[in-house]
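Please look over the sequence and the model before reading on.

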Amino acid sequence: DQSYLGSISIGSPAQQFNVILDTGSADLWVAGSSCSSCSSSTPTFSTSRSSSFQSSTSSAGQQQSLTIRYGSGQVTGSLGADTVQMAGFQVSGQEFVVVDQTSQNLLSGSNAGIMGLGFQAIASSGATPFWEALVNANQLSQPLMAFWLRRLLDDSSATQNSELYGGEFTLGGTNTSLYTGDIQFIDFPSGVQQSFWLLEVQGVSVQGGSVGISTGNAALAAIDTGTTLVGGPSNDVDAIWAAVSGSQALSGQYAGFYAFPCSTNLQVSLSFGGNAWPISPADMNLGAISGNMCLGGIFDLTQGADVGSGNPGWVVGDTFLKNVYTVFRASPASVGFAQLSEAAGGSSGSSPHSAASSSSARS
């Protein structure tokens, strides 16, 4: 459950690639045929094979190069434009980066890059993201993107690095067979600009008890399909793990992470928009790391990733998002959650409940 990939094609004739679908960034990039740090198994885009590819140049006629930084590494390449297609939708002249250098281990398996599904304001390239170009061109029947992320973490038949059916991404609508009840849409907090898909973490409960967390700007969270786990501010993450008996902070290569007794059935919920949404214990337990201690799915974002400045205090990734049907709405800017249907692996135990008890405890 480390990364969730979708298929796109670029160029004329079309070259097909699997890319991470990432609501926590806004640039589209793929490895280029000149990528020196990519492995031999990484699919690469050949600009010379596409008759519609156009290289982007500066006013001085020089090719435009740039670096894009992520919490897990960075890529460097050159800006260009070409026809990009996904799921029957097409954008001509879509700007993207052809990457020739990546951080170690940023790409693996058939993954060739990242499709950023955040807002243009956070695009390092300045390009309009693919999904936003579709909205602007009225190609989508509704200004929606929806995700069901399938859990394979606790599936013994799923092997490491296997690329199995990982869920479903819907452009322009939702799949009603994957959720039950209403979608609870939560508008962006007042005064927040369209950049990341931002919500306020209103409360956290651990083993049924409320945990005191920061409020206001410190509680802003990027709802991020491209992040595997859940990261939060140091004090808040400390408070969460302090509520877990026998937990301990880790150091060295695991700095920012916590371990807890593997025998603990860890029950954690996050609250958004007045509802508390439970996280499956399977997603909170990332497996044994030493003896009877297991690695936890919530980490200290300031230690466990290179997030830089100006980013929200929380990044709510797949550890949480596997437990809900998530809908990103462009207008009005909002994120919606719904309970997963049985067909999507949901159960009555995963339904949301009123967060009144936990929200009233915040101070």
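A residue counts as buried when its relative accessible area is under 20%. The model described here is predicted.

## The annotated pair

The unreviewed UniProt entry carries the annotation "active site" for Asp-22 and Asp-224. These positions are spread over 203 residues of sequence, yet they cluster in space, with a largest C-alpha distance of 6.5 Å.

## Asp-22

Asp-22 is part of strand E2. Its relative accessible area is 5%, so Asp-22 is buried. Beyond its neighbours within four places in sequence, Asp-22 has contacts that include Tyr-70, Ile-114, Leu-117, Asp-224 and Thr-225. The side chain of Asp-22 also makes a polar contact of 2.6 Å with the side chain of Ser-25.

## Asp-224

Asp-224 sits in the loop between strands E15 (220-223) and E16 (230-232). Asp-224 counts as buried because its relative accessibility is 7%. Leaving out residues up to four places away in sequence, Asp-224 touches Asp-22, Thr-23 and Gly-24, and its contacts also include Val-315, Gly-317 and Asp-318. A polar atom of the Asp-224 side chain lies 2.8 Å from the backbone nitrogen of Gly-226.

## Strands around E1

Strand E2 (residues 15-22) runs antiparallel to strand E1 (residues 5-10), and 6 bridges join them. Within this pairing, Ile-8 has Phe-17 as its bridge partner in E2. The two strands, E1 and E2, form a hairpin with 4 residues between them, and Gly-11 in the turn has a positive phi of about 95°.

E1 also pairs with strand E6 (residues 73-86), in the antiparallel sense and over 2 bridges. Here Gln-85 in E6 is the bridge partner of Ser-9.

Conventions:
Residues numbered from 1 in each chain as written. Predicted model: local features only at pLDDT ≥ 70, side-chain atom pairs only at ≥ 80, totals over all residues. Heavy atoms only, no water. Pairing = 2+ DSSP bridges. UniProt positions renumbered as here; feature names shortened; annotations may be inferred. Buried < 20%, exposed > 50% of the residue type's maximum accessible area, 1.4 Å probe, protein only. Contact = heavy atoms within 4.5 Å. Polar contact = N/O pair within 3.5 Å; in protein donor to acceptor, adjacent residues only side chain to side chain.
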